[in-house]
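Please walk me through this structure in plain terms.

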Amino acid sequence: MKQWHPDPEPIKTNDTAAVAIGTAVWAVALVALLIFRPAPENTWWIWTCVTGIGFGLFGMWFVRRRQRN
């Protein structure tokens with residue numbers, strides 16, 4: 001028979017910083033792509049970065065809203 005152990009306490013994290021770092025990485029990738037210009041068949045990479053930045057901004061709004069409640 002297995003012995004029961006209580007659940008551990010949740011780890012405190014800085015969710016806003018994690019989302020901000022991810023958003024910044026997407027922004028750096030976008031700047032690099034705009035400087036080095038991918039081949040015409042790979043311009044979807046630019047839109048992938050733009051989408052990542054958009055989701056990151058939404059994520060920052062969502063995390064801050066959740067922390068207030």
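There is one salt bridge in the structure; the term means a side-chain nitrogen of Lys or Arg within 4 Å of a carboxyl oxygen of Asp or Glu. The partners are Asp15 and Arg66, whose side chains meet at 2.7 Å, N to O. This pair links distant parts of the chain, since Asp15 lies in helix 1 and Arg66 in helix 2, 51 residues apart. Side chains of opposite charge can pair when their charged atoms come close. Asp15 has a relative accessibility of 25% and is partly exposed, and Arg66 is partly exposed at 45%. Here buried means under 20% relative accessible area, exposed means over 50%, and partly exposed is in between (1.4 Å probe, protein chains only).

The model is predicted: local features need pLDDT of at least 70 and side-chain atom pairs count only at pLDDT 80 or more, while totals for chains, interfaces and linings use all residues. Residues are numbered from 1 along each chain as its sequence is written, and side-chain values use heavy atoms, with hydrogens and water left out.

Now take helix 1, residues 15-36. Helices (H or I, at least four residues) and strands (E, at least two) are DSSP runs, numbered from the N terminus. The 22 residues of helix 1 should span 32 Å at 1.5 Å a residue, and this agrees with its end C-alpha atoms, which are 32 Å apart. The expected span is 1.5 Å times one less than the number of residues.

Which residues of helix 1 are buried? They are Thr16, Thr23, Leu30 and Leu33. These residues cover an arc of only 120° around the axis, so they sit on the same side of helix 1; the arc is that of the directions from the helix axis to the C-beta atoms. The buried residues of helix 1 pack against helix 2. On the other side of helix 1, the exposed residues are Ala18, Ile21, Val25, Val28, Ile35 and Phe36.

Thr23 gives a close view of the buried side. Its relative accessibility is 8%, so Thr23 counts as buried. Leaving aside residues up to four places away in sequence, Thr23 touches Ile53, Gly56, Leu57 and Met60, where contact means heavy atoms within 4.5 Å. Just after helix 1, Arg37 takes a positive phi of about 45°.

The UniProt record, an unreviewed entry, annotates residues 16-38 and 44-63 as "transmembrane region"; such annotations may be inferred rather than shown by experiment, and positions are given in the numbering used here, with feature names shortened. Residues 16-38 are 91% helix and 0% strand, with end C-alpha atoms 31 Å apart. Residues 44-63 are 100% helix and 0% strand, and their end C-alpha atoms lie 28 Å apart.

The last topic is aromatic rings. The whole structure has three aromatic pairs. Rings of Phe, Tyr and Trp (its six-membered ring) pair if their centres lie within 6.5 Å; planes under 30 degrees apart count as stacked, over 60 as edge-to-face and the rest as tilted. Trp44 and Trp45 form an edge-to-face pair, 6.1 Å centre to centre with 80° between the planes. The pair of Phe58 and Trp61 is tilted, because the centres are 5.6 Å apart and the planes stand at 40°. Phe58 and Trp61 are three residues apart in helix 2 (residues 44-68), which separates them by about one helical turn. Ring pairs link Phe58, Trp61 and Phe62 into a cluster.
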